[in-house]
Amino acid sequence: MFLDAGDATEATDLLGQASALLAMRDSTNLAGFTAALDSVAATMTGNLERARERYQAWLAASSTSGRLSRPEADRLTLHTILALDGEQAARERFEELVAEAEHAEYWHSLMRLLHDGWRLQLVPPEHDRWGLPRLAEVAGRVQGTLAGLLRVYDAAFSEVNGQGGVDDVAGTPRTAEMLIADHLRTGRPLFAAEVAARAAELASEVGAKGRASRLLDLCAEAVAPLGEVNTPSLGRVRVREAPLSERELEVCELAATGMSNGAIAEQLFLSPRTVEGHLQRAYMKLGVTDRRQLIA
């Protein structure tokens with residue numbers, strides 16, 4: 001699925017074509033379901049106007065639109081709700097969906113919900129019931145490649161935190177780097193980039209600065225083909241005029257293209273030290289720590 005892979009641009013193109021066809025004839029009652037997925041793709045690329053329009057179409061659609069796939073749309077639109085209505089609304093909806101899946105013992109749906117709760121940062125770190133230990137437990141009940149990878153998230157992040165890191169089922173060591181490589185190998189660069197970004201943050205917190213930098217490099221490599229896609233776990237920001245000064249904006253726009261401080265300094269007739277100063281002030285205002293988190 002393009003949304004799982006993070007290819008929101010391709011998803012938008014395909015969903016646009018599908019919507020056009022369904023507007024002429026919707027014998028399978030999929031227009032609302034398509035609108036839901038389209039709202040998620042728009043959210044991932046920062047087009048909140050389109051996200052709102054398509055999400056409203058989903059809410060106005062027949063309650064049977066999508067049929068057996070409705071739980072998938074409900075899960076995916078958590079990202080849209082978060083962007084449009086805020087964390088509280090998204091968390092309340094997340095808790096409703098988790099309760100429904102738990103009650104029905106729909107383990108695959110519950111596994112995907114718990115993963116998205118982590119991805120969208122809707123689960124407090126101390127909340128074991130819906131956190132990574134619970135994800136590992138539920139994923140152990142599900143068959144498939146993705147389930148096998150989600151099962152070891154807890155072990156991989158425990159290893160980064162210096163608390164071991166062994167797959168409870170296979171009994172083998174797991175690291176964040178191994179998990180990133182496995183997500184890339186199975187065609188999910190977005191999930192790989194999210195693991196790398198979150199692991200880099202944790203590595204920095206525990207004082208492993210070199211490893212944090214290497215993990216950020218892995219994140220940048222994984223997310224590069226995905227363009228402007230962003231999620232809460234990636235923590236990227238779009239370079240916008242406010243609240244930056246004119247020079248900070250100019251420097252950030254160049255940094256977001258991958259230019260080095262030296263190259264930026266040469267182009268703008270500044271010293272590398274001045275460029276670094278502009279970047280550090282801009283990072284503070286934007287809430288990031290590294291140019292790899294900037295989207296042009």
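I take helices to be DSSP runs of at least four residues, numbered from the N terminus. The model I consulted is a predicted one.

**Entry 1: Ala-5**

I located Ala-5 in helix H1, residues 2-5. I noted that Ala-5 counts as buried because its relative accessibility is 16%, under the 20% limit. Leaving aside neighbours within four places in sequence, I found Ala-5 in contact with Gly-187, Arg-188, Pro-189, Leu-190 and Leu-226. For Pro-189, I recorded a C-alpha to C-alpha distance of 5.7 Å from Ala-5, across 184 residues of sequence.

**Entry 2: H3 and H4**

I examined helix H3 (residues 31-44) against helix H4 (residues 48-60); their axes come within 8 Å and cross at roughly 160°. I therefore describe H3 as roughly antiparallel to H4. I recorded the crossing as left-handed. The H3 residues that meet H4 include Phe-33 and Ala-42, and those of H4 include Tyr-55 and Trp-58. I listed the contact residues as 9 nonpolar, 4 polar and 3 charged.

**Entry 3: Salt bridges**

I noted a count of 22 salt bridges. Asp-116 pairs with Arg-75, with their closest N and O atoms 2.5 Å apart. Asp-116 lies in helix H8 (residues 107-119) and Arg-75 in helix H5, so this pair ties together parts 41 residues apart in sequence. I found Asp-116 buried at 2% and Arg-75 buried at 3% relative accessibility.

I then looked up Arg-93, which forms salt bridges with Asp-74 at 3.5 Å and with Glu-96 at 2.9 Å, N to O. Arg-93 and Glu-96 both lie in helix H7, 3 residues apart.

Conventions. Residues are numbered from 1 along each chain as its sequence is written. This is a predicted model: local features need pLDDT of at least 70, side-chain atom pairs count only at pLDDT 80 or more; totals for chains, interfaces and linings use all residues. Side-chain values use heavy atoms; hydrogens and water are left out. Axes are lines fitted to C-alpha atoms, for helices over the stretch in contact, and angles run from 0 to 180 degrees between N-to-C directions. Helices (H or I, at least four residues) and strands (E, at least two) are DSSP runs, numbered from the N terminus. Angles under 35 degrees count as roughly parallel, over 145 as roughly antiparallel, 65 to 115 as roughly perpendicular and the rest as oblique. A crossing is left-handed if the near helix is turned anticlockwise from the far one by less than a right angle, and right-handed if clockwise. Contact means heavy atoms within 4.5 Å. Ala, Val, Leu, Ile, Met, Phe, Trp, Tyr, Cys and Pro count as nonpolar, Asp, Glu, Lys and Arg as charged, and the others, Gly among them, as polar. Buried means under 20% relative accessible area, exposed over 50%, partly exposed in between (1.4 Å probe, protein chains only). A salt bridge is a side-chain nitrogen of Lys or Arg within 4 Å of a carboxyl oxygen of Asp or Glu.
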